[in-house]
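Got the sequence and the 3D view open? Let's walk through them together, one piece at a time.

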Amino acid sequence: MAAFEPVLTKNVGKPEALTLKGYRQLGGYEGLTKALTMEPDAIIDEVKKSGLRGRGGAGFPAGMKWSFIPKGKDKPKYLVCNADESEPGTFKDRLLMENDPHQLIEGCAICCYAVSANTCYIYIRGEYVKSAVILEQALKEAYEAGILGDSVQGSGFKLNMYIHRGAGAYICGEETGMLESLEGKRGQPRVKPPFPAVVGAFGAPTVINNVETLCNVPHILTHGADWFKSIGTDERNTGPKLYAISGHVDRPGTYEYPIGVTFREMLDGAGGMWRGRQLKAFIPGGASAPILKPDQIDIKMDFDTVAKAGSMLGSAAVIVMDETTCMVRSVARLAKFFNHESCGQCTPCREGTNWMELVLKRLEHGEGTESDAQKLLSICKNIGGQSLCALGDAAIGPVKSLVDRFPEEIEQHVRERACPFPQPRYFENGA
Amino acid sequence: MPKVTINDRTVEVEAGTNVIDAGLKAGVLVPHYCYHPRLSVVGQCRMCLVEISDGGKKMPKLQTACSSYVMKDGWSVRTDTPEVAEAQKGMMEFFLINHPLDCPICDQAGECGLQDYSFKHGVAYSRFQYEDKRTYPGRERIPLGANVVLNMNRCIQCTRCIRFTEEIAGTGELGFFNRGARVEIGTFPGRELNNPLATCVVDICPVGALTSTRFRFAERVWYLDKKPSICTGCEVGCNITMEQRRGDIKRYKPRFNVEVNDYWMCDYGRASFERYKQQPRLSSPRLAATNTGWSQALDAVHSRIAGAAGGEIAFLGSGFLTTEEAYLFGKLADLAGSQNRSVPVDLGTEWTIPRHQRPPIKGREAAPNRRGAELAGLGGGHDLLDGDAAARCAVLVVCDSDFGKAAWDPETVARLRKAKFLVVFGWADSPLAQAADVALPVAHHGEKDGTFVNVEWRVQRFEKAFPPTGQVRPAVEVLSDLLSRFDAAWAHQSASTVFDRLAGELPAFAGLSWRRLPATGASLHVPEAHPKVSDQAAEAASEATA
C-alpha cells in the first residue's frame, strides 16, 4: 500500500493547478483529448470495464448509469454534477473543487461527450462559496480556451457548463430533489420511477454523478480501465477513493487511499486516536451509516465489505469517536439533523425522524423508559424501506445501530435517570 | 390489455393503470390519502404500500400502489399480508402522533380518512405518551379565502389541495412551506384562495384540515340525508349530492360524472341553495290574495282557461322547470289553443368546470333547464316581458314565481299584472306571486323528481331529497290534476310517467325511458336547427351585455 501514488489529489497543494496552463502542464485535459477521438459508446464501455462505482454514497456503477441514457435525439440530455456535499462529516468534494477545478470540468466534459449531453450543471452546495468562485474562474478559462462552448477542443461537440448554487438543504443532494431545486422548485424528491436517466432535469434524460466520480473519469481514460482495476480490493471495488476522516483523531482531514484500505491503516495515517484515547466507535460512511464498534477495526473500507459488516461506505466520511463520547447524545444529534433536513413530504420520514429525535432527547436527558429501545427499533422499522427517498433509510442507520450495538448505554441512561457522560453546556442550543 | 391479480382476483386493465385503480376494478380498496385520480402522483402519504410480485418474484420492498403502473401481464398484488398490514399500522401511527384527535369538535368527523383507516388499519392505543404533539399555534383557524378555513394542526400534508390549485384550478394559490415535521400548507404571500373552484379543496382534503366556511359547525355529517341531485346554479348541470336534515339543505357536494363536472363544482353553485332559505316561501294556494284549498284554486284556473276561448292565453316558462313540468305546461297550452310560450333566462357570470380529457364545460345562463323547457313544449313564442305583450292576455300563466331576476323587479311585475287574469306557480312568494290572481305553491328542485337538459344537451335525472311541507305539492302532480279537469287521461301523473310519455312523443328524447336513463345522463338527439333560435338570442343578449 505504501507505493500508492495519489490520483485524485495529486494536484492538491499545487496552486498552479488552479490555472488552465498549470493544469495542462500537470497532464490535464489529456483524458478529454483522448475521449474526443473515441466513439461515445467506447467511452461508456471503458468506464464500465473500469468498475468505477458512484462515489456519492450509493455506489452505483457509473458506466451502467451512463448506458441507461436513451440514444435518441428527440430530447436534449443533461449531466448534473452533484456537488451538494452536505452529509455531516463529508468534505472530500470540497477539496477536489477548491484545489483542482479543471479535473472536475474535464470529467464532466468527458461524461457529456459519452452520453451526448450538451449541457452540464454543477449543483454546488450554497455554503461552498470558495468552491463556486474557483470553479467559476476555471469555467471562464475553459470557455476562453475553447475547451467548452460551441466546439469542444475543435471537435464540433457543443457543451455548455453552468454552476448552480444550492440554498442550504441536505435533501437537495438527493438526485431528484436536486433536479427539482435546479428547475426552480421546492427541493423535494420525486417519486421514482421514472428514473432521472429517462425523465430527469426539465423532463429530459439526465445523468447525475458525484464530483469524485466524475474526477475519476479523466484518469480512467488516460491510464486505461485495466490500470484503474488494478487499484482496489476486487473486481467490484476498484480505483482510488477519498476518505474524509474527522472526530477524535490526531490529524483529521481528507486522505486518498486505494479503495479497500483497512480502517486501522487509515486511522494510523491520520495520526491515530486523539491524545492516545481509546476507540469506542466509528461511523464508516457519513451520518447515515450505521455505527461500527472497535472489533471491526480491521475492516476493509470498500462498498461490499462495509455493507457486509452491517453498515455502508456511503460517502466514505469516517467519524471516529473515543471513550468519552456519549453514544446516545451523538445519535440524538444525528437524529436532530435528519429531522431538521427531512423535506416533510412523505409521512414516515416527516413524522418518524421527528419522533426519533424526541425519544432520543428524552433518553439523553434521563427521562427515558425501558420500552424506549424497542420503540426506537419499531419506529426504524416503520420508516425503513417505506419512505419516498433514501433520507428515511439514512435517518434510521445510526439509531438502529445504537440500539443494536450499544444497548447497555441506553440502559444506563434509563437506570441512572441521567446521562453518565460529562455534559456539554450547549446541548439544547443545537450543538 | 394486461391482466393483474389483486388478492386473488384477476382483472384486465388498460396498460399504465396504477394499482389503486386496478384494485378498485377488482373490488379491492387500497387505502390512500395523497392519490387522487385527477391529480399528479406524488407517492408521499405512503399509505398505499402493497406487496407486488412480478411473475412470482416478489419485489424486495413494499411498493406504493399509486406509483406502480401495470404495464404487462404477470403482476400479482397483495394488500392483505402481515407485512402490508404492519406497514399500514405504522403509517397510521405516524399520522396520528401529531394529530390533535379533536374529532368531537371537527367537522370532518364521520367522513374522515383518518377515522376510517384508523378503524380499519390502525391500532387503538398510542405509544406517543411522553412527547409533546407538534402544533401550529395561531394556525388553527386561518381563512385561506372567503370559503375555506385551514386548521393546520389536523393536516396530514398530503398536498392534494396544493396540486388541485396548481393542476385543476390553474391558479396555484397554495404552497408547501417550511420543512420536515414543521412543514405547513399556506397561501403564497399576497394571495387568497378565492378561485371559483376553491371549495373543491375541502372535498378532496381527506381530513378536517380544510373546512368550508358555509358548512363549518352546521351539522354533524352522520345526521345528513344525501340524495343525488343536479345543481341549479347555471346551465352546466353539475351533478351534486344534496345533503340535508329535515328539509334544511346543509350543503351541495359534487357527485362524480365524467361527462359533466368530473369531480368538481364551483363555489357559486355550492351556494345556490341559499335562495331556498333566504327568499320567502309560498306555502298555501291563494285565490285573490286569500289562502284557499287546492281544489278551489285549480277549479278557478280551469274555468278561467276554459272560458277564455278566443282570448289570448300565454305561458311564461322558466329555466328552473323540470322537463316534465314544461311538457305538461305545454300540453295545457295546447288544450287552451295557445301558441304564445317563452322561456326567459337570465345571463350570469360564465362558470367553467375543468374536465378530464375533454374541453372544459362552461355555463352562462343562470338556470339549469332552459333547453329542456323549450324542447318539451314551452319554446317558440314571443317575449312576454317586453312592452304590452302581457296586457293583451286574457290569461297569463307564469310557470315559476322565481323564473329570474325580473320576477323580483316591480316594473316587470306591474307589466305582467296587466294581464286580465294572472296565474303564478312557484315555490317563492315573490312580488309576482303576491300580485297574482291565483298563486299555486309548488315544490322546489329539492322536493321533486325530474330531469334537466344541460348546456351540452345532456338530459340528467335527479331525485326528491325530502318531501315538501304544508300544502306545497310537486308541480307535476298539480298539473296532472289541472289537466285531468280537461281530459281525464291526464290524471295521476308522476315525473316518471310524464318522462316516458314525452320520450315517446318528442324525437329528441326518442329511445329514452325514466328507468333506463343512465346515472351519467344521456345525450339528446337534437336536430341542428331547433335549439339554435334561442341560442342565437342568448348570444345576442350576452353580446349586448358584454
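What follows is a tour of domains, helices and strands, starting with some housekeeping.

This is a predicted model, so a few ground rules apply: local features need pLDDT of at least 70, side-chain atom pairs count only at pLDDT 80 or more, and totals for chains, interfaces and linings use all residues. Residues are numbered from 1 along each chain as its sequence is written, while chains are lettered from A and ligands numbered from 1 in the order in which they are written.

Let's begin with chain A. Its domain assignment gives domain 1 (15-230), domain 2 (233-322) and domain 3 (327-416); bounds like these come from an automatic or database domain assignment. Between the C-alpha centres of domain 2 and domain 3 of chain A there are 23 Å. Eight residues from domain 2 of chain A and 11 residues from domain 3 of chain A make up their contact, where two residues are in contact if their C-beta atoms, placed from the backbone, lie within 7 Å. On the side of domain 2 of chain A that touches domain 3 of chain A, you'll find six nonpolar, one polar and one charged residues. Here Ala, Val, Leu, Ile, Met, Phe, Trp, Tyr, Cys and Pro count as nonpolar, Asp, Glu, Lys and Arg as charged, and the others, Gly among them, as polar.

Now for some helices in chain A. Helices (H or I, at least four residues) and strands (E, at least two) are DSSP runs, numbered from the N terminus. Two packed helices are described by the angle between their axes and the distance between the axes. The axes are lines fitted to C-alpha atoms, for helices over the stretch in contact, and angles run from 0 to 180 degrees between N-to-C directions.

By class, the contact of α15(A) with α16(A) has nine nonpolar, one polar and one charged residues.

Helix α16(A) has another neighbour to look at. The axes of α14(A) and α16(A) come within 9 Å and cross at roughly 20 degrees, which makes α14(A) roughly parallel to α16(A). From α14(A), the contact uses A:P348, A:C349, A:G352, A:T353 and A:M356, and from α16(A) it uses A:L391, A:G392, A:A395 and A:V399. That contact of α14(A) with α16(A) has six nonpolar, three polar and no charged residues.

How many residues does each chain bring to the contact between chains A and B? Chain A puts in 25 residues and chain B 27 residues. On the chain A side, α13 (327-341), α14 (347-364) and α15 each supply at least two residues, and α14(A) gives the most, with 10 residues. The side of chain A that touches chain B divides into seven nonpolar, 12 polar and six charged residues.

On to strands. Strands of a sheet pair through backbone hydrogen bonds, either parallel or antiparallel. Two strands pair if DSSP finds at least two bridges between them. In chain A, four bridges join β7 (residues 240-247) to β10 (residues 317-322), and the two run parallel; A:I245 stands opposite A:V318 in β10(A). Strand β9 (residues 279-283) of chain A is also joined to β10(A) by four bridges, but this pair runs antiparallel, with A:I283 partnered by A:I319.

Finally, jump to chain B. Its strands β1 (residues 3-6) and β2 (residues 9-12) run antiparallel, joined by four bridges, and B:T5 has B:T10 as its bridge partner. The two strands form a hairpin with two residues between them, and B:N7 in the turn has a positive phi of about 45 degrees. Further along, an open sheet of three strands has the order β26-β27-β28 (chain B), with antiparallel pairing. Its edge strands are β26 (450-453) and β28 (522-523) of chain B, each pairing on one side only. Helix α10 (residues 370-378) of chain B lies across β26 and β27 of chain B, running at about 105 degrees to β26(B).

Technical notes. Angles under 35 degrees count as roughly parallel, over 145 as roughly antiparallel, 65 to 115 as roughly perpendicular and the rest as oblique.
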